[in-house]
Amino acid sequence: MFEKTKALPWERYIPENGKFWVTKANSVKSKLFSPSDIQRIMKKAMVERMKQSYKKEWFPEDGAPFLIRVSIMKDEVTVGPDTSGESLQIPENP
């Protein structure tokens, strides 16, 4: 998963100062099953790719947020942006 994630062109979607993280990870009937491990591996692979692309060792991550979701089903990985946005807020006293 690390190498395949690293091979994706993250620099096309995330700018040099973009704040990015794997917001949601789930796994069903797969060798990798821990959401926190999946998130950690994905983030590390993304950073490694961006280090090569942007020729930097460190990223401030002080720009716009870019949330990523990953789902694994029977060892097949699907990765994509989390476009759900912020939760709707219901006013307490309309």
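**Briefing: sheet, helices and selected residues**

Apart from neighbours within four places in sequence, Lys 24 is in contact (heavy atoms within 4.5 Å) with Gln 39, Ile 68, Arg 69 and Val 70. The model is predicted: local features need pLDDT of at least 70, side-chain atom pairs count only at pLDDT 80 or more, and totals for chains, interfaces and linings use all residues. Residues are numbered from 1 along each chain as its sequence is written, and side-chain values use heavy atoms, with hydrogens and water left out.

**Lys 24**
- Lys 24 lies in strand S1; strands (E, at least two residues) and helices (H or I, at least four) are DSSP runs numbered from the N terminus.
- Lys 24 counts as partly exposed because its relative accessibility is 41%; buried means under 20% relative accessible area, exposed over 50%, and partly exposed in between (1.4 Å probe, protein chains only).
- Between Lys 24 and Ala 64 there are 40 residues in sequence and 18 Å in space, taken C-alpha to C-alpha.

**The sheet**
- Three strands form an open sheet in the order S1-S2-S3, with mixed pairing; two strands pair if DSSP finds at least two bridges between them.
- Strands S1 (19-28) and S3 (76-81) stand at the edges with a single partner strand each, so one side of each has no neighbour in the sheet.
- On average, neighbouring strands of this sheet are turned by 15° against each other, direction ignored; axes are lines fitted to C-alpha atoms, for helices over the stretch in contact, and angles run from 0 to 180 degrees between N-to-C directions.
- Strand S2 (residues 65-73) runs antiparallel to S3 and is joined to S3 by six bridges.
- Ile 68 has Pro 81 of S3 opposite.
- Helix H2 (residues 35-54) packs on the sheet and touches S1, S2 and S3, with a direction at about 140° to that of S1.

**Thr 5**
- Helix H1 (residues 2-7) contains Thr 5.
- Thr 5 counts as buried because its relative accessibility is 3%.
- Not counting residues up to four places away in sequence, Thr 5 touches Trp 10, Met 42, Ala 45 and Met 46.

**Nonpolar surface patch**
- Leu 8, Val 77 and Val 79 make a nonpolar surface patch of about 180 Å².
- Patches are made of residues with over 30% relative accessible area and no salt bridge, nonpolar side chains (Val, Leu, Ile, Met, Phe, Trp, Tyr) being joined within 5 Å and like charges within 9 Å.
- Val 77 belongs to strand S3 and is partly exposed, with a relative accessible area of 35%.

Definitions and conventions
Areas by Shrake-Rupley, 256 points an atom, 1.4 Å probe, with all protein chains shown as cover. Salt bridge = Lys/Arg side-chain N within 4 Å of Asp/Glu carboxyl O.
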